[in-house]
Amino acid sequence: MTARSVSFKKDEVIVILGAGASVDAGIPHSAAMVRQIERALEAEWRDFRDLYNYVRSAIFYADGIRGTFDGQVAYNIERLVVALDELLRREEHPIYPFIGAWNPRLTQVAGTDFKLVSDFKKKILEKLRHEWIEIANYDNAHYFYGLIKFQKELNYPLRIFTLNYDLCVEKAYLNEHKEFPERGFDKDRMWSHELLEDATPSEKNVYLYKLHGSIDWTRDSATNKLTFSDSTSTIRAEEGEMIFGTTYKLQYVDPFLFLVYQLRRLSLEAKLLLVIGYGFGDEHINGILAQALRGSPDKRLVTVTIAGGDTSEQQILAKDQFKEYVAKQLNLEKSDSRLVFEWFAAKKFLTDYLTLSQMGKHFPEEEEIFEELVPPGANSNGESLN
């Protein structure tokens, strides 16, 4: 009987996690966050209702000018906060000298010195940090162990890039290895980019790149260096290191520019880009993925998501629309063989389907992307010599 197993080579697999990956752990996705905000605007947040309606309408109006309408508009919590942040820059914004005057309606709804804009943004960030992202019991996120199990099967360090602020990956890794994965913090809890590069003296099993920051990140008051706290609830919204939107991914301060660069570098090297729970609404991330696929016929981008709809017909339509949307975002044809879709919730996929054999099925057999591992005492065909 022939004994044979296959494995991706080092850094031929990277994982990218979006908000949908954490929904099964109890963290609401962006659309649910927006719905909660809109309910609050009818009650305790009533003072911000006119401002919200103005900003939301402006976002849809801007997309409409570019030919994007209704359900195609990528409207989410991140885009809302970015819009508020841009408004708060006011005279400091680069395009301010080219603007004759603020829209009269904006000056009415923004409050004196745009105070309502500032207060509304703070309310959202406080709710995000202390209600939506904080998980009382990380047992609900145990399914992230599927990533740890996959790394063991992979037998190389696994590079995971996440757009999420939560600690789901960290807690799953901690439960297995009694420590956090490599996130770039030294023994003094200060961030150092060298720890996330190939030159590290001792490799860990998982390298975690938190592109948008983390709920436990903050700045050391004495040195202004990035550090982290075990008590996430004590970090005030204005002191946390969580970013929103394309502009702020490219800040000159560490670690955000470095983390995006690492995604670009490693995505170019990888054969498999495994994308879980990402809605493809971030133009900058989409650009990196598109560049990684461009001119690389052997690559596969496997997208794991669920299809909406109550009936089979509605689900078929939703799947087709999502395929078309992703292809458009990546400037590819919908039929491109490099795009693979797995229609699962993250929990189901990570628990039951994330294996080397399942991932290997997405590659034609003639593509030599695997290493043949021959057992000791066997010839090149895997046959026993005894």
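Predicted model: local features only at pLDDT ≥ 70, side-chain atom pairs only at ≥ 80, totals over all residues.
**Strand E7**
- E7 covers residues 272-276, and five of its five residues are buried.
- Leu272, Leu274 and Ile276 point one way from E7, while Leu273 and Val275 point the other way.
- Residues on both sides of E7 are buried.

**The neighbours of E7**
- Strand E2, residues 13-17, pairs with E7 in the parallel sense over five bridges.
- Within this pairing, Val15 stands opposite Leu274.
- Strand E8, residues 300-305, also runs parallel to E7, and five bridges join the two.
- Follow the chain from E7 through helix H10 (residues 283-293) to E8, and you trace a right-handed β-α-β unit.

**The largest cavity**
- The structure holds one cavity of 30 Å³ or more.
- About 50 Å³ of space lies in the largest cavity.
- Its lining includes Leu17, Ser22, Phe144, Thr162, Asn164 and Asp166.
- Cys168, Val169, Glu170, Leu208 and Lys210 also belong to the lining of the largest cavity.
- Helix H7 (168-177) and strand E4 (206-210) each supply at least two lining residues.
- H7 gives the most to this lining, with three residues.
- By type, the lining residues divide into five nonpolar, three polar and three charged.

How values were computed. Residues numbered from 1 in each chain as written. Heavy atoms only, no water. Buried < 20%, exposed > 50% of the residue type's maximum accessible area, 1.4 Å probe, protein only. Helix = DSSP H or I, 4+ residues; strand = E, 2+ residues; numbered from the N terminus. Pairing = 2+ DSSP bridges. Right-handed = clockwise from strand over helix to strand, strands pointing away. 1 Å grid on protein atoms, 1.4 Å probe; cavity = no way out; pocket = protein on both sides within 12 Å on 5 of 7 lines; lining within 4 Å. Points joined across faces, edges and corners; volume = space filled by probe spheres on them. Nonpolar A, V, L, I, M, F, W, Y, C, P; charged D, E, K, R; others polar.
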